[in-house]
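Here is a short tour of one protein model. Please keep the sequence and the 3D view open while you read.

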Amino acid sequence: MLGFIIRPPHQLLPLLLCPGLRIPRLSVLCAQPRPRAMAISSSSWELPLVAVCQVTSTPDKPENFKTCAELVREAARLGACLAFLPEAFDFIARDPAETLRLSEPLGGNLLGEYTQLARECGLWLSLGGFHERGQDWEQTQKIYNCHVLLNNEGSVVATYRKTHLCDVEIPGQGPMRESNSTIPGPSLESPVSTPAGKIGLAICYDMRFPELSLALAQAGAEILTYPSAFGSVTGPAHWEVLLRARAIETQCYVVAAAQCGRHHEKRASYGHSMVVDPWGTVVARCSEGPGLCLARIDLNYLRQLRQHLPVFQHRRPDLYGSLGHPLS
């Protein structure tokens, strides 16, 4: 990858020649050349622009909203049609009791603020993992990890509740018991049409289960999104390789907004938010610290790739079954 620094910010987009860039350092990532047979003739300026936000959430909900709102407004100013926020964009608590205390229903004050933000900025928002008190809160006293998609009028157009909970013990990273406070979601959400393409919703640990991504792709997804809060041990080992694998096997764009840095004395996250194209090339990424990266979504390229490399037509469910059943 080649990188360039371009300043000042208000001159950035007119000079953009490559698929992605990172804010605040404003570096531009140039993707590796595509196979000649899959080159496109349309101007990149005709392609939708998406923004991927990277933050360091803490238990301070108002401060977290302030940080996210600044990035969303910057994304809108730079011309993005859709901004992606990471898992736990609302807060990262110190323990399960604090998680439950800080959680809210979808109709609460915090989602109301994001509804107003989407309307104010005129762009879609992928809210990657909201600590949701569901309708069964009074009975269960547990929450859902809910991916909420808002349109540019601030309306909720889709919700997906994380189906794979992260109950793991990684040496050097500390135990994670998401099920202590969270209930797994009951179903997948059909891909949703947005100005950037059809988006399939997932969250973090879901990326380890290719059946989910294959089901979303077979249901028409063109963009898979994995808002995340990866740890300091699994991040360097698995983060990029899993995201690129999901992109290659589904021939989808993959958008992964991530938490970064130290949230409090008990937890830190890896960061490295990125966008991967259907060829498996990282076309935009954030490095250290809060910020955002931008990438253009080229659906013509995606369709050409699927035409030249028609893997879904070549599957043999008669031999190994269907690894990802199409959604009903």
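## The model as a whole

This is a predicted model, in which local features need pLDDT of at least 70, side-chain atom pairs count only at pLDDT 80 or more, and totals for chains, interfaces and linings use all residues. Residues are numbered from 1 along each chain as its sequence is written, and side-chain values use heavy atoms, with hydrogens and water left out.

pLDDT is the predictor's confidence in each residue, from 0 to 100. Its mean over the protein is 87. A value of 70 or more is reached by 85% of the residues. Residues 1-33 stay under 50. For that stretch the model has 84 contacts beyond four places in sequence. Contact means heavy atoms within 4.5 Å.

The protein has nine helices and 19 strands. Helices (H or I, at least four residues) and strands (E, at least two) are DSSP runs, numbered from the N terminus. Of the 328 residues, 54% count as buried. Buried means under 20% relative accessible area, exposed means over 50%, and partly exposed lies in between (1.4 Å probe, protein chains only).

The accessible surface comes to about 14,200 Å². Carbon and sulfur atoms hold 53% of that surface. Areas come from the Shrake-Rupley method with a 1.4 Å probe; for residues, only the protein chains shown count as cover. Now take the contacts between residues at least 6 apart in sequence: 71% of them join residues at least 24 apart.

Strands of a sheet pair through backbone hydrogen bonds, either parallel or antiparallel. Here, two strands pair if DSSP finds at least two bridges between them.

Six strands form an open sheet with mixed pairing, in the order S11-S12-S13-S14-S17-S18. Its edge strands are S11 (192-194) and S18 (282-285), each pairing on one side only. The twist averages 25 degrees from one strand to the next. Axes are lines fitted to C-alpha atoms, for helices over the stretch in contact, and angles run from 0 to 180 degrees between N-to-C directions.

Strand S14 covers residues 253-256. Tyr253 and Val255 point one way from S14, while Val254 and Ala256 point the other way. All of these residues are buried.

S14 pairs with S13 (residues 223-225) in the parallel sense over three bridges. Ile223 stands opposite Tyr253 there. S14 is also joined by three bridges to S17 (residues 274-276), and these two run antiparallel. Val275 in S17 is the bridge partner of Val255.

H7 lies across S13, S14, S17 and S18 and runs at about 30 degrees to S17.

## A hairpin

S15 (residues 260-264) and S16 (residues 267-270) form another pair. Four bridges join them, and they run antiparallel. Cys260 stands opposite Tyr270 in S16. The two strands make a hairpin with two residues between them.

## Single residues

The table lists the relative accessible area of some residues.

| Residue | Class | Relative accessible area |
|---|---|---|
| Asn64 | buried | 6% |
| Gln141 | partly exposed | 39% |
| Gln173 | partly exposed | 28% |
| Gln251 | buried | 2% |
| Tyr301 | buried | 0% |

Asn64 lies in helix H2 (residues 61-77). Leaving aside neighbours within four places in sequence, Asn64 contacts Thr56, Ser57, Thr58, Phe89, Asp90, Phe91 and Tyr114.

Tyr301 sits in helix H8 (residues 299-308). From Tyr301 to Pro278 is 23 residues in sequence and 8.5 Å in space, C-alpha to C-alpha.

Gln173 is in the loop between S9 (167-170) and S10 (174-177). Which residues does Gln173 touch, not counting those up to four places away in sequence? They are Gly231, Ser232, Val233 and Thr234. Gln173 and Thr234 are 61 residues apart in sequence and 8.2 Å apart in space, C-alpha to C-alpha.

Gln141 lies in the loop between helix H5 (137-140) and strand S7 (144-150). Gln141 is not a glycine, yet has a positive phi of about 55 degrees.
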